[in-house]
Amino acid sequence: MSVMDEQIARLRAAAEARIGAAADGATLEAARVALLGRRSELTQLLRGVKDLPEAERRVAGDALNRLKTDLAAGLAERERGLALAARPAGAVDLTLPGAPPVPLGSLHPLLVVLEEICDIFHSMGFTREEGPDVELDYYNFTALNFPDDHPARDSQDTFYVSDAVCLRTQTSPAQVRVMERRTPPLSCIVPGRVYRNEATDASHASEFFQIEGFSVDRDVSLADLRATVQQFVDVFFGAGRKIRFRPHYFPFTEPSVEVDMACASCGGSGCAVCGRTGWLEIMGAGMIHPNVFAAAGYAPDAYTGYAFGLGIDRIAMLRWGVDDIRLFYENDLRFLHQFRGAW
Amino acid sequence: MKISLDWLRDFVTWEGDAESLASLLTMAGINVEGREEFTIALPGVVVAHVRETARHPQADKLTLCQVWDGEQTLSVVCGAPNVRADQKVLLARPGAVLPGGAKIKVSRIRGVESQGMICSARELGLGGDEGGIMELPAAAPPGTAADALYGFRDQILDLEITPNRPDLLGHFGVAREIAALTGAMLTAPALWTPPKTSSERLEWSVEIESFADCPRYTAHLARGVKLGPAPDFMRNRLLAVGQRPINNVVDITNYVMLELGQPLHAFDRGKLSGTRLVVRRAGQEREFTALDGQTRHLDDDHLIIADSAGAVALAGIVGGSRSEVDASTQEVLLESAFFDPLVVRRGARKLGLVTDSSYRFEREADWNMVEKAAWRALHLLQQHAGARIVPDRVDRQNPDRESLPPIPLRIAQVNRLLGTEIETTEAVQLLQALDLTVVPLGQARNRKSGSANVMIEVPSFRRDLRAEVDLVEEIARLRGFDRLPTDPAARGARAVAPRALDKVRRRVRAHLSAVGYSEIVTSSFLAREDLERLGLADGDARRNCLSVRNARLEGETLLRTTLLPSLLRILRHNLNADLDCPLRLFQLNRVFWPGARGAVEPSRPQEDQLPAEPLFLQLAVAGRTESTPAGLPAGLWEVKGVVETLGGLIGWSLEARPGDSEPYGALGRQWRLEEAGSGPVGWAGELDGAVLAGFGIEAPVCVAEVDLTSLPAVLPSLAVRPFSRFPAVKRDLSLLVPDGVTFAELAAVIRERGGDCLESLELFDYYRGKGIPAGAAALGIRLKFRSAKGNLKGTTVDKSLALVTEELAARFGAQLRA
Ligand SMILES: [Zn+2]
């Protein structure tokens, strides 16, 4: 046995005795400093290894390091022992998971978005209305200034129940239904399910959700629409998102626009999310066409108004990065439960 | 519609590249759906001279050719029937890659080596196969790269043209729009008319049966036509915008349509009978063979062009095969017309046919382009088909056609709609850029000008502009929507109250999601088999579904009268996904009940054809679960309990009446839910195992559903009651109850006999089985007594309890357990 071996054996015995004797946390901490601290004998010995003859260096280094590891383990074990001894009677493992009284349910993401949008417009004075899913062709098209047999009808593949009855292709028919019943000023929001006789794919569903909004008064202008849309975007998507109006064509509004919002993913420089345009289309809108007012029985020029329509599915996809619209309708709980925090 | 930038540059120049043009058009309301580069590049393809030909030793239909490519003689096997010696052809050398992606390499064809391929036009992406390989002029020098002769590079924009803008369905129209948007100079296509050198007559007459169907029809004659391929520039442009070149005559009509937006039709004059064309409804004619060779069925909605032997074209839709232009054609009768948009649309719809021509006519052609387009095509026929144009022509038009009156424009209305402060002069300048003209008010005074500031006259190609509001849109569009004021004076916001139904909906959703239910959104459609699987009786009203008559997908075409099938489909999906049971789902969705719609005000005549659309709440627990109280199927009590709790929160007074009312419910495990004053409003129960099996579900499923629209949509008017602060005294009753006695009966007696101080009673245990006599169940019921006046004495409570137990024993034979 070399001198070093003897020294290590002595050190180990003394250290183990000291650790075993520590009766509380403070004493144990003091032992830790004395045994493993910078000034401890062990540390000094480790420093001295480099000065040993080359033949002894490795053996001595290994032995000293083994001692260091063992002492650290001994200290930890003693610490656990002390903690266990100090535990009150009937103590429990406080790292066990919490146990809520009932499991968590979830709200459907589409309806979360729908309700939130309705709330925002509600706060701006819009009342909520409803229209039927099964609608007269008259309200879905004719009253909205879609002439019979006009190519504009082609853009919306329609489910027909009979010549006169179809499934609404948009929530816009509520415009005329509401206006027939009420006189301005009126500001309404109409959420609902709409139907298109189309094949489904990652971005098209044959049943989906829209929100129609409209505001009618003596002098409502396109500038009012812009201000309202900007307020909505500020609240829903966050302040400072730029919007732009892009001319478009809808039979029931004139002027008609599509509203684009600056893409948040790329900040406007173009990316896959926005189809490299820097903009995301969020709604169609415009000034209500005089023919629509006429269908509602309003006198010519008596009122002006704007209307807009948002696709809920698309907005929900944008908000949560959902890349396939069919996920919303598959209702797989592994998908739905990711929205437990959404309300 | 695909637009070639090369083609556009014939008419307008603009600053910037394709991308800036795309954004200019986008911001003008013309969506750019795609951008692509079109190239014809033929690396490795050269002009070659076929020096000798010999029959392939192994195959009759193959020819062995010795071909000089300017550098060497190659041995090539060719399968085309038209290959012959001393011919100039295009040769793809080994290493060449053809537009389809095919790589050419040295190969053995039926045992003979072929060092390349002699190509057809189709193989090179240069057009169709005209009987085999492409033949070049004899003067073409061998070795010349095909790229030098046929290479072409163009940029293509794919535009989405909205149905109100048929004027943009041609390159010239798009150029005109660009000029209006940018102020650039517009170069109109050269207007050519044939020199009136001869007095040669057309010798054709045209008769129009109804000017309503066909307000204008022109016919011109080109003689001495030499059929062949169209010139390269034309073929390239057609290819670039996705049109397959056919021959010079057909290509020229297509080219002019894509350039000017006016569809044309070329008849082979030699194949027409008689000397008179009639534009009329199909009448007795029932069959028509179109250019595509298909025979179509006609009815009297179809407008046709007929010669003395019958239909030769479906007006504005497609030509007939009988008068098709082909290799034998020498004279072409060229039609340029204006057909009624509705007539063309209905005719095309009935045939399920949309052609480039019908697409344009149904959006309305440009009256003034009818003749210009004809002259343009005739000029091209003269230049590129060697035709001689007969200066005489037929131009029949409706003498009573009304021109649209000028549109009065009130600048105040412009600013009212836009929220702007635009001056009349600015508005007028913007409109003039679109070729709209200002009619002096003095001249228009006799018309209805009202309070107009100016009267605006619209050119023939912008018939979509019909009213003042259309002009307002053009002003806003050209001025730019970015210049709208962004912060108009705030309108007085009106406080609005939520509707009661919306509050109920909100409460229901919040509560159910908080107690573990997940909301689903399901399809409104179901299939006929679904109704069978539910076992609905023949007379069940829910079998009476509206159905969609033109669904794209077969199967689920009925509008649902019940939410159950959709729920079960979603349950099956999730039960198959190895999730932790039980699954708890709920939905709030509409069902559709034909003929049940109440009166609607104001009512349109057809309103009674619409169904009632009640909003149903449905909740379900599926899969095995720990049962509470012990011994009973937990899901059953859970759905009942949840509905009762919800009812209490919302203010319904729901009563669950036991009774097997539904065929899909398990026997003895159903309730009808009734609301005082509203009658039956829903159902709760366990679903029958066989019904579930029909939907592919093995696990037990319990369901509750209520019709929210039949319940009073009022939230409870809460009024605070005083409550006792004195301590309560609790007593547990442990009863042995004979079968047949219901808990409801027991509870009624306990309440009756328990006295004024009985505050509540609660079932805390229910047990049958070991240790309990057959024909009885053990019930644990906890009673809580409390007085409003003071501390209750135990002895007082025990007296009440004694009364209760006596009565229970006397009335039901229910015994206290030891
Ligand atoms: Zn982006």
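How are α5(A) and α14(B) oriented to each other? This is a predicted model, in which local features need pLDDT of at least 70 and side-chain atom pairs count only at pLDDT 80 or more, while totals for chains, interfaces and linings use all residues. Residues are numbered from 1 along each chain as its sequence is written, chains are lettered from A and ligands numbered from 1 in the order in which they are written, and side-chain values use heavy atoms, without hydrogens and water.

The axes (lines fitted to C-alpha atoms over the stretch in contact, with angles from 0 to 180 degrees between N-to-C directions) of helix α5 (residues 109-123) of chain A and helix α14 (residues 500-514) of chain B come within 13 Å and cross at roughly 140°. The two helices are therefore oblique to each other; angles under 35 degrees count as roughly parallel, over 145 as roughly antiparallel, 65 to 115 as roughly perpendicular and the rest as oblique. Helices are DSSP runs (H or I, at least four residues), as are strands (E, at least two), numbered from the N terminus. The contact (heavy atoms within 4.5 Å) involves Leu111(A), Val112(A), Glu115(A) and Asp119(A) of α5(A), and Arg505(B), Arg506(B) and Arg509(B) of α14(B).

Pro722(B) is located in the loop between β33 (701-707) and β34 (729-738) of chain B. Its relative accessibility is 81%, so Pro722(B) counts as exposed (over 50% relative accessible area, with buried under 20% and partly exposed in between; 1.4 Å probe, protein chains only). Pro722(B) and Ala788(B) lie 66 residues apart in sequence and 9.2 Å apart in space, C-alpha to C-alpha.
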